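These are my notebook entries on one protein chain. I set down below what I looked up, entry by entry.

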Amino acid sequence: MKKQKQTHVPSTNYFDLLSEEIVFSILDFLDDNPLDKKSFSLVCKSFYTTESLHRRALKPLRSEHLTKILHRFPCITNLDLSLCPRIDDSSLKVISNVCKNMLRSIDLSRTKFFTHVGLSNLVVNCVNLVEIDLSNATELKDPAAAAIAEAKNLERLWLGRCKAITDIGIGCVAVGCKKLRLISLKWCLGIGDLGVGLIAVKCKEIRSLDLSYLPITKKCLLPILELQYLEDLFLEGCFGIDDDSLAALKKGCKSLETLDMSSCQNVSHVGLSSLTSGTACLRQLVLAYGSPVTLALADSLQKLSMLQSIKLDGCLVTCPGLKAIGNWCISLRELSLSKCLGVTDEGLSSLVTKHKDLRKLDVTCCRKITHVSIAHITNSCTSLISLRMESCTLVSREAFVLIGQRCQFLEELDLTDNEIDDEGLKSISRCSKLSNLKLGICLNITDEGLAQIGLCCSQLIELDLYRSAGIMDTGILAIARGCPGLEMVNIAYCKEITDHSLISLSRCSKLNTLETRGCPLITSLGLAAIAVGCKQLVKLDIKKCYNIDDAGMIPLAHFSQNLRQINLSYSSVTDVGLLSLASISCLQSMTILHLKGLTPSGLAAALLACGGLTKVKLQESFKSLLPRHLFKHLEARGCVFQWRDKVFQIIEMALRSTFYYLQAEVDPIFWKLQLEDVE
């Protein structure tokens, strides 16, 4: 019998039938996982080209690959170089030649080694630049500011901590960049009234102005408040501004919506009343670490009928002051009283009772409030989405049950260092929208309560269990099963946690931050499971995990290619394990203190092999054991060394009894008592 001849039916690539716009729309849905687009591009040449043309934003890790990367993605409009420690003038020249008119935004906020020459090349060739971030460029001087002034279309400029730029340089920017809508000059100590005044006079389109910690006085305030479109004004730490400075400004700024006068300790209710009398549209007011919140200060806010957010962190608060804020600020949606002295049940209860639409409340370290305040908060503010109440230690266990019963829209809840127990956790599990839950130093909770959170709070993204010693593997297993979208977990010093917890957490594929410091029962087996299952891991802390050795580093080096920060201190990793991490091209920060198996030659080899390092913490003793030219070479690549000398701990141990020291290390209750004694 003859074999029938088979006819070849050509396969059809249905993507070829789609327009470029439709394929781009599909790729827009792949933003959650950065590996998805990479996988798409590796399917075929057509997909590779399509993904190259689709990419608009880029955040490279190494400047040496910049030329290749920019040619690979020719349509980049937003370039973030904040992870590249070394960007010199030649790098900026490459960017300007390749990107040209396409580039609209560039972030150089954490890079060094470029000068005004490179900036000039950039702004001359990339004429469509509308956003430049030069924060922390402490070496830049006025010629750099003059170069920026050539960017005629610039709308947003960040110069935070550019301390060498003076009024002359910022004057050039004011004259050249008249389209500016946002400028941040925070900590630019060389800029004073003259420079700020020029910005206000020349840049009439300004919407957001950050002058925090500048040595300015009343001379520049008048032109600032005459800006027709000004919406956000930040004057944090401007000690040259006082009541007299503000007295002549009663007409205010009608367009202003956000005002930050944190740490302006020379401004009292008198000056504030002058400034706010003409700012009826103000929606957010920040007065943190300033004058006491008295009845007089609260009365100065009575004309701000549209005020929705007020932050008084660190202020001395009086009961009449809080009550008055409750009376005047009728539209309040957010209130922050973090670390405020003087907050009592009477004042807080009176305020929240009158603000049933409050969405965010922060009473961190308000140590005088009790269950009375919580009862009023939960009874009145049932629409809360964020409640922060760390270290409210007088609040009884029963009060936490009320939170779950009445505030079921909560998305963020910080209960660090509180008396909550399992019954409280079971009640809080009714808050099914919780995404951020902090339970650090909660010594009364166990797996029983945590399991209920895992069962009911499936949207949980961040979970902090720092030093909550009652938590064991069973609780973590319930969390891992019920909360597959977890991105951050802190189980530091939960000393009963074992590899079983890490194996269960390895199912959470979106996990990017894991802190297991001080978990002595965790071994390399558990870490290997995390490496295999959590490929988006960015930050890892395994300090004092004594049973993690080189066997844990090998899978980490192979699978965790997104890892950027790791703490290996006091582990059992040796030269071999440390050197294996060199295969992680993203690795930028390492803390390696007290590794018994680490030798000077092994350390030197690892430091040279890890080409992307920007920060390394080392034991002081290694400074004399390694050649000086090695440090110079690494520093030239952009790496910063931080040296630690722990000798004082040895002295401290000698002075104390061995029992006392070890008890504080392993017993969280003992540790907490000692902390309270210090406070």
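**Entry 1. The pairing of β23 and β24**

How many bridges join strand β23 to β24, and do they run parallel or antiparallel? I found 5 bridges between β23 (residues 615-619) and β24, and the two strands run parallel. I note at the outset that the model is predicted. One bridge I looked up individually: lysine 615 has valine 640 of β24 as its partner. Between the two strands the chain passes through helix α26 (residues 628-636), and this β-α-β crossover is right-handed.

I then examined the faces of β24, which spans residues 640-644. Phe641 and Trp643 make up its covered face. Val640, Gln642 and Arg644 lie on the uncovered face. I recall that in a regular strand the side chains alternate between the two faces of the sheet.

I next looked up β22 (residues 589-592) and asked which of its faces are covered. Both are: Ser589 and Thr591 are buried on one side, and Met590 and Ile592 are buried on the other.

On the β21 side, I found that β21 (residues 565-567) pairs with β22 in the parallel sense over 3 bridges. Isoleucine 566 stands opposite methionine 590 there. The chain goes from β21 to β22 by way of helix α24 (residues 575-580), in a right-handed β-α-β crossover.

On the β23 side, β22 and β23 are parallel and joined by 4 bridges.

**Entry 2. Aromatic pairs**

How many aromatic pairs does a search of the whole structure find? The search returned 6. One of them is tryptophan 187 with tyrosine 213, which is stacked, at 4.2 Å centre to centre and 5° between the planes. Tryptophan 187 is in the loop between β6 (182-184) and α9 (193-202), and tyrosine 213 is in the loop between β7 (208-210) and α10 (221-225), so the pair ties together parts 26 residues apart in sequence.

Are the two residues buried or exposed? Tryptophan 187 is partly exposed, at a relative accessible area of 26%. Tyrosine 213 has a relative accessible area of 19% and is buried, because the cut-off for buried is under 20%.

I also looked up phenylalanine 641 and tryptophan 643: their ring centres are 5.9 Å apart and their planes are at 15°, so this pair is stacked as well. These two residues form the covered face of β24, and phenylalanine 641 is buried, with a relative accessible area of 11%. Ring pairs link Phe631, Phe641 and Trp643 into a cluster.

**Entry 3. Two loop residues**

I looked up serine 391, which lies in the loop between β14 (386-388) and α17 (397-406). Its relative accessibility is 4%, so serine 391 counts as buried. Beyond its neighbours within four places in sequence, serine 391 is in contact with Cys365, Arg367, Thr416, Asp417 and Asn418.

Glycine 240 sits in the loop between β8 (232-234) and α11 (243-247). At 31% relative accessibility, glycine 240 counts as partly exposed. Residues up to four places away in sequence aside, glycine 240 touches Ile216, Thr217 and Ser245. I also noted a C-alpha separation of 12 Å between glycine 240 and methionine 261, which are 21 residues apart along the chain.

**Entry 4. Helix α16**

Which residues of helix α16 (residues 371-380) are buried? I recorded Ser373, Ile374, Ile377, Thr378 and Ser380. The buried residues of α16 pack against α15 (345-353), β13 (360-362) and α17.

**Entry 5. Annotation and confidence**

The unreviewed UniProt entry places the feature "domain: F-box/LRR-repeat protein 15-like leucin rich repeat" at residues 125-273, 343-478 and 519-615. I checked two of these spans. Residues 343-478 are 38% helix and 11% strand, with end C-alpha atoms 38 Å apart. Residues 519-615 are 37% helix and 11% strand, with end C-alpha atoms 25 Å apart.

The average pLDDT of the chain is 91, and 92% of the residues score at least 70. Over residues 648-662 the pLDDT stays under 50, and the model has 4 contacts for them beyond four places in sequence.

Notes
Residues numbered from 1 in each chain as written. Predicted model: local features only at pLDDT ≥ 70, side-chain atom pairs only at ≥ 80, totals over all residues. Heavy atoms only, no water. UniProt positions renumbered as here; feature names shortened; annotations may be inferred. pLDDT = per-residue confidence, 0-100. Contact = heavy atoms within 4.5 Å. Buried < 20%, exposed > 50% of the residue type's maximum accessible area, 1.4 Å probe, protein only. Pairing = 2+ DSSP bridges. Right-handed = clockwise from strand over helix to strand, strands pointing away. Phe/Tyr/Trp six-rings, centres within 6.5 Å; stacked < 30°, edge-to-face > 60°.
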